[in-house]
Amino acid sequence: MNHLLGKPFIEELPPSVAEKLHAATPNGETVLMQVATDLDASLNYNPQWVVVTDRQVLVIPESGADGARSMPLGEVADANVEERVGMGTLALTHKDGPGIHVPYSRSLTAKFAEVADGIRQLKDDEPLSLPTALEQTHCDQCGRRLPEKDGVCAACLKKWQTFRRIARYIAAYPVRLVTTIAMTLISACLALLPPKVTQYAIDGVLSPGWAAVEIPLIASEDRLSRLGLLILGLIVMRVLIWCADVVMEMLSRPLGLRAIGDLREDLYRAFQLLPIRFYDRRKVGALTSRMTNDTDRLEEIMTHDFYFVFSNTLLFVGIVGFLLWMNWELTLFVLAPIPLIVLAGTKIWYRIMMFWTQWSGKWGRLSAQLNESIHGIRVVKAFAQEARESTRFDRYSEDLRDVDTRGERVWFVFWTVTNLLMNTGVFFVWYFGGRQILGGELTLGALMAFISYLWMLYQPLRWFGDFYSYILRAFAGAQRVFEVIDSEPEPYQKPDAVRVPRIEGHLTFESVVFGYDPGKPVLKGVDLEVKAGEMIGLVGKSGSGKSTLINMVCRFYDPDRGRLLIDGVPMTDVNLRDLRSQIGMVHQDPFLFDGTIAENIAYGKPDATFSEVMRAAMAAEAHEFIVKKPDGYDMRVGERGGRLSGGEKQRVSIARAILHNPRILILDEATSSLDTPTEKKIQAAIARLVQGRTTFAIAHRLSTLRSADRLVVIDEGNIAEVGTHRELMDRQGIFYRLVKTQQETTLDIFMTAVGMETE
């Protein structure tokens, strides 16, 4: 039997299901999809298999003696996914007889939505087109649940690969890095000398047999002179170590800040270049947390701890070398606990990493709640829901606290146990070293130097213990940052993209199918041709697909199936910057940046002169209210334009579109926030604006679309009617009913108002 597709829609069949499939397809058929559910017909957790061939759809139970249920593709009327309480169902509707319902748990919704879409394609004799991958909820390698969809598994994270990737940002400044490493090396080497000087001071000055001990670089036989020179040497060493540390800090901190600055710039650039679909699945507050909280963790590593990794590693290796050279037997006692510590650290890696990954996710959720409540503070206060929002925040804060507490508890136990293991070496050194002194094999100075080196050895080990906790938190943040940076950006840099310096505006929709959610199309095979310079009015009920069609024109999304051509070239082949730089939009709820009015008008044309800005404002009927403001065009509009009224923001938005002078203009309820006198002025401005450019206009007040060349009525994702205002009214179809309903509603409101005034 032939198979055409790979994962995730061709899953490996168990032998029992393979036998039943073979019996149900005796003539041989090409398997196009074979996927497992997790529920049987009785809603028990017992898998069934949905197998789609080039001839039929089969549902095969994995256990039991029941055979396959089937429905020929030619008899499938429709295939959909239905959401039910706690579960979903793949529903196959038969043209004449009973249908087939296949239940599954909510975790498989995305997969079966795509299966339903694939069955619809096959029943309509379309070529099968399915995604090569679905959103991941579990790790492919270990099967553990991911902290978030398409996230990174903490257990399978390659820590050294992550560490090297962080280090590359620092390595971007090689001169500073090499100088810092040189200072670190000098400091580490100098730090190894004081215990040896202490040994000479004890054995060559303070011990009874001091005269027999030779001290390098000191030829004096006077006991007091020897002591003075050794103390002077210690002072010089400490001063040199201090100087090296100061120089290292002066170089390392600016270098770390530059590196984290580069990382933040890469992250912000990735945010700007990611497609709209990326933001559809994530909350703004959670993404903001990656820029703030997660990069703060990395900043701490890059500016403070990264260089200590190198210096403490050098110090550790140097001390171990000195200890082995001085007394290899005692050194073995010192090093005995280290393998246990390393083994424990390896074992605890996943558990602590899991806690810090959960901590990052819960912090992102807390940030999202804070961001949402602040932006919606007027709604919160209007409905007196302050206590409710506080309760929600408290719940998220307590979840964050609980994860943090569990992580710290596990880390505390690990750290105290390893600290105890490290200290056991001291007891062995004192005992066996003391025996060697009593046996004349070791001097007191050598033992004291050995113990000094031992405590110096534990210092980097303790630091690595603390650093281990910090770096685990940093890695958890790094994986969230790199997840964004590694996400597929919009194809701005597509090398073979067709350059279009000037768009004429001829658009052609060819059987365009698109849905925001897998297997749930909003546009269902749209065919439409728009001539250059034509004004198209989009009409339809809310949710019919008007805004989705506009999103396709702006290429915020690409069609799931079908093609959209601009001036005869597939839009997916056109240079994205050329395309969007020639599209202007006026939204129903315009967004203004926290700058001056002039800066917002000139946003699409930053090099515009003040005269051009003012002419655009006059054309948009905005100049009159702008000059009445205290600072005129230099007035700051506040966050999201909060210091302007809705109508004022909309007029500034229209002025921005006028100054941009686009080849394709999109008006999404562009006059919805204006009073009637101002709306008439804006309509005149828009009439001038649309001349010579392709325009798409969405308006709920259908009377405002009379000037459109054609009206396109969209109904449930399909184009139901196309024609002029007069033609559609004469046809008395969907558009006619919409107009009549709107007129009746307006009349009822008017009569109610009149009645109230009469009373």
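Is F593 buried, partly exposed or exposed, going by relative accessibility? At 37%, F593 counts as partly exposed, on a scale where buried means under 20% relative accessible area, exposed means over 50%, and partly exposed is in between (1.4 Å probe, protein chains only). The structure is a predicted model, so local features need pLDDT of at least 70 and side-chain atom pairs count only at pLDDT 80 or more, while totals for chains, interfaces and linings use all residues. Residues are numbered from 1 along each chain as its sequence is written, and side-chain values use heavy atoms, with hydrogens and water left out.

First, the overall picture. The protein chain has 22 helices and 17 strands, taken as DSSP runs numbered from the N terminus (helices are H or I with at least four residues, strands are E with at least two). Of its 759 residues, 47% are buried. The chain exposes about 38,600 Å², and 57% of that comes from carbon and sulfur atoms; accessible areas are from the Shrake-Rupley method with a 1.4 Å probe, and for residues only the protein chains shown count as cover. Among contacts (heavy atoms within 4.5 Å) with a separation of 6 or more, 69% are between residues 24 or more positions apart.

Back to the aromatic rings. F593 pairs with F591, edge-to-face, at 5.1 Å centre to centre and with 80° between the planes. Rings of Phe, Tyr and Trp (its six-membered ring) pair if their centres lie within 6.5 Å; planes under 30 degrees apart are stacked, over 60 edge-to-face, and the rest tilted. F591 is partly exposed as well, with a relative accessible area of 36%. Another edge-to-face pair is made by F610 and Y633, with ring centres 5.2 Å apart and planes at 80°. F610 belongs to helix α17 and Y633 to the loop between α18 and α19, so this pair ties together parts that are 23 residues apart in sequence. F610 is partly exposed at 47% relative accessibility, whereas Y633 is buried with a relative accessible area of 6%. The whole structure holds 8 aromatic pairs, and ring pairs also join F514, Y516 and Y557 into a cluster.

Setting aside neighbours within four places in sequence, I597 is in contact with I626, G632, Y633, M635, V637 and V652. In soluble globular proteins, nonpolar side chains tend to be buried together.

Charges over rings come next. R165 lies over the face of F482, at 4.1 Å from the ring centre, and the charged end of R395 sits over the ring of Y396, 5.4 Å from its centre. The test asks for NZ of Lys or CZ of Arg within 6 Å of the ring centre and within 35 degrees of the ring normal. Leaving out residues up to four places away in sequence, K196 touches W325, M326 and Y453.

Two backbone spots deserve a mention. Most residues other than glycine have a negative phi. L43, however, has a positive phi near 65°, and sits in the loop between β1 (31-36) and β2 (48-53), partly exposed at 46% relative accessibility. E621 has a positive phi near 60° in the loop between α17 (610-619) and α18 (623-627), and is partly exposed with a relative accessible area of 25%.

That leaves the cysteines. With a disulfide taken as a pair of cysteine sulfur atoms within 2.5 Å, the count comes to 0. C243 is partly exposed at 32% relative accessibility, whereas C554 is buried with a relative accessible area of 2%.
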